[in-house]
Amino acid sequence: MSLKYAVLAALLEGEASGYELAKTFDVSLANFWPATPQQLYRELERLARDGLIEARVVQQERRPNKRMFTLTEAGRRDLDTFAAQPPRRPTAVRDEFLIKIQAMDGTDPAVIRELVEERRSWARGKLDRYERVRLRLLDGRTEDEYLRDDERIGPYLTLLAGITFEEENLRWCDRVLAVLSRRVRLG
């Protein structure tokens, strides 16, 4: 899949500037499809050229003018077609950190412990951020009310995937730290 569909899906929320989309990617989509602002701006240009989104310029007095992007009907049809198709391949994890863990034997256990604690800290930070997003989406409603009544539940369901992923990261880090502690005591 290309960045194309992640951008189109982000625009389902409504009109947004490139900056706002970058923030959306950083908060809402980063748990499953990260992108740099430079990648986003290139993709926005391509999507506008292909007629899948429209851009309009908003004049600003004290700041440079900004471009606001919206999904076109053609973009919505393309996104609907994409959403109805099965994924081309199953999920694959590419994680440099796991290669380091794979190769850790012979490395100073204190260094590995520090790396795992850092990963744990990142997971905790992401979970805290995701919880703030979850509360904003719920807007005082229960989860059941939101899932039953809200017009769009996709963002919430993908957020739940991110929450689950980071919770599992925390559990895994705790287990690795426990194993490392036992090995140090036994060694």
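What follows is a chat about the sheet, a helix pair and some salt bridges in a predicted model.

Trainee: Let's start with the strands. In what order do they sit in the sheet?
Mentor: The order is E1-E3-E2, in an open sheet of 3 strands with antiparallel pairing.

Trainee: Which strands stand at the edges?
Mentor: E1 and E2 do. Each has a single partner strand, so one side of each lacks a neighbour in the sheet.

Trainee: How many bridges join E2 and E3?
Mentor: There are 6, between E2 (residues 53-58) and E3, in the antiparallel sense.

Trainee: Switching to helices. At what angle do H1 and H2 pack?
Mentor: At about 100 degrees, with the axes of H1 (residues 3-10) and H2 (residues 18-29) 11 Å apart. H1 is therefore roughly perpendicular to H2, as angles from 65 to 115 degrees count that way.

Trainee: Which residues meet there?
Mentor: From H1 you have Leu3, Ala6, Val7 and Ala10, and from H2 Leu21, Thr24, Phe25 and Leu29. By class, that contact has 7 nonpolar residues, 1 polar and no charged ones.

Trainee: Now charges. How many salt bridges are there?
Mentor: The count comes to 16. One of them joins the side chains of arginine 67 and glutamate 45, at 2.4 Å from N to O. That pair links distant parts of the chain, since arginine 67 is in strand E3 and glutamate 45 in helix H3 (residues 37-49), 22 residues apart.

Trainee: How accessible are those two, arginine 67 and glutamate 45?
Mentor: Arginine 67 is partly exposed at 33% relative accessibility, and glutamate 45 is partly exposed at 39%.

Trainee: Which residue does arginine 76 meet in a salt bridge?
Mentor: Aspartate 80, at 2.9 Å from N to O. Both lie in helix H4 (residues 73-84), 4 residues apart, about one turn of the helix. Arginine 76 has a relative accessible area of 35% and aspartate 80 has 38%.

Trainee: What about lysine 100?
Mentor: Lysine 100 forms a salt bridge with glutamate 96, with their closest N and O atoms 3.6 Å apart. These two are in helix H5 (residues 96-102), also 4 residues apart.

Trainee: Is glutamate 96 buried or exposed?
Mentor: Glutamate 96 counts as exposed at 59% relative accessibility, because the cut-off for exposed is over 50%. Lysine 100, at 39%, is partly exposed.

Terms used:
Residues are numbered from 1 along each chain as its sequence is written. This is a predicted model: local features need pLDDT of at least 70, side-chain atom pairs count only at pLDDT 80 or more; totals for chains, interfaces and linings use all residues. Side-chain values use heavy atoms; hydrogens and water are left out. Two strands pair if DSSP finds at least two bridges between them. Axes are lines fitted to C-alpha atoms, for helices over the stretch in contact, and angles run from 0 to 180 degrees between N-to-C directions. Angles under 35 degrees count as roughly parallel, over 145 as roughly antiparallel, 65 to 115 as roughly perpendicular and the rest as oblique. Contact means heavy atoms within 4.5 Å. Ala, Val, Leu, Ile, Met, Phe, Trp, Tyr, Cys and Pro count as nonpolar, Asp, Glu, Lys and Arg as charged, and the others, Gly among them, as polar. A salt bridge is a side-chain nitrogen of Lys or Arg within 4 Å of a carboxyl oxygen of Asp or Glu. Buried means under 20% relative accessible area, exposed over 50%, partly exposed in between (1.4 Å probe, protein chains only).
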